[in-house]
Each structure stands twice: as structure tokens, then as C-alpha cells.
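Here is a short report on one protein chain. Please look over the sequence and the model first.

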Amino acid sequence: MKHDEARRTQMMVEKTGRPAYLQIVDELRGQIRVGTLTPGTALPSIAQLCERFDVSASVVKAAISVLRTEGLVIGQQGKGVFVRDTPAETTEPETSEATAEILDQLALMRQGIKELGDRLVALEAAVFEEQR
């Protein structure tokens, strides 16, 4: 049953025009609001969320960043990300929070580009080594 649920979630991420990280935010936010994820509960690990939604870690981290900005979750270094005891009742992030979110997204994009560049360098090295 859980596998079927994960497959439906994966299809949701793949088949809509909405960015995957926002779809994950919607799903987790909904679970927090209806009480499936209760205050103090740890979110699934990044690896679990990656598998569940069939996305990369950077996409999951972007989703968690949005939830942090909204005040729904809080991270504890080395322990995980937890549903806040008293979620913030904001519908619109403040300008400074929006700026922080944008900076987080840019950092994730830079990391993703760096990883792609590293993969390209390794691929080119392998191809050109074969040609020698």
C-alpha cells in the first residue's frame, strides 16, 4: 500500500507543471495542518523524501527551506527537522523571510550546478581517456 502511495506521489511530481519542491511543500504542509504530522514529530529523512517523491536531495532541501520560512518546521543540527510546536500563523512571509528563501534557493541551485559540472568533468575525462 505504501509503495502505491509513493508511486502516486511520484507521478504527481512528474505530471504537473508546478515545481516539484512546491508540490512536496503542499503535501507536507497539508499533513501538518490536518495533524498527520503532529507538533514535535520528525519529518521523514531527506533520503526517505527523495525516494518517496522520486526527486533529488536539493529538491527536498528546497521544500524544507520553504516550510522553515513558513514557520511550520524547525531544524535541529544533527537530529533532523521537526514540526514546530506552535506553527506560525503567517500566510505571507515577511520580506526578510522571502529574501532568505530566495538566497536558500540560489544556494541550492549553485550546488546543483556545481554537481552537474563535476559530473561533466568526470564524463569528459573518461571519454577523452578512451580516445587515447
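## Residue classes

Ala, Val, Leu, Ile, Met, Phe, Trp, Tyr, Cys and Pro count here as nonpolar. Asp, Glu, Lys and Arg count as charged, and the others, Gly among them, as polar.

## Overall architecture

The model is predicted. The protein chain holds five helices and two strands. Read from the N terminus, the order of elements is α-α-α-α-β-β-α.

The chain has 132 residues, and 28% of them count as buried. Its exposed surface comes to about 9,100 Å². Carbon and sulfur atoms supply 55% of that area. Contacts between residues at least 6 apart in sequence were also examined: 60% of them join residues at least 24 apart.

## The second largest pocket

How much space lies in the second largest pocket? The volume is about 230 Å³. The lining is made of 14 residues. I46, K61, I64, R68 and V81 lie nearest the centre of this pocket.

Helix α4 gives the most, with four residues. By class, the lining of the second largest pocket has seven nonpolar residues, three polar ones and four charged ones.

Q23 sits in helix α2, which spans residues 20-34. Is Q23 buried or exposed? Its relative accessible area is 3%. Buried means under 20%, so Q23 counts as buried. The side chain of Q23 reaches the backbone oxygen of R18, at 2.6 Å.

S65 belongs to helix α4. At 6% relative accessibility, S65 is under the 20% cut-off and therefore counts as buried. Which residues does S65 contact, leaving aside neighbours within four places in sequence? The partners are D104 and Q105.

## Two loop residues

D54 lies in the loop between α3 (46-53) and α4. Phi of D54 is near 55°. That is a positive value in a residue other than glycine. The relative accessible area of D54 is 45%. Partly exposed covers the range between the buried limit of 20% and the exposed limit of 50%, so D54 is partly exposed.

K79 is placed in the loop between β1 (73-76) and β2. Is K79 buried or exposed? Its relative accessible area is 64%. Exposed means over 50%, so K79 counts as exposed. K79 and A42 are 37 residues apart along the chain. Their C-alpha atoms are separated by 8.9 Å.

## Recap

Conventions. Residues numbered from 1 in each chain as written. Predicted model: local features only at pLDDT ≥ 70, side-chain atom pairs only at ≥ 80, totals over all residues. Heavy atoms only, no water. 1 Å grid on protein atoms, 1.4 Å probe; cavity = no way out; pocket = protein on both sides within 12 Å on 5 of 7 lines; lining within 4 Å. Points joined across faces, edges and corners; volume = space filled by probe spheres on them. Buried < 20%, exposed > 50% of the residue type's maximum accessible area, 1.4 Å probe, protein only. Polar contact = N/O pair within 3.5 Å; in protein donor to acceptor, adjacent residues only side chain to side chain. Contact = heavy atoms within 4.5 Å. Areas by Shrake-Rupley, 256 points an atom, 1.4 Å probe, with all protein chains shown as cover.
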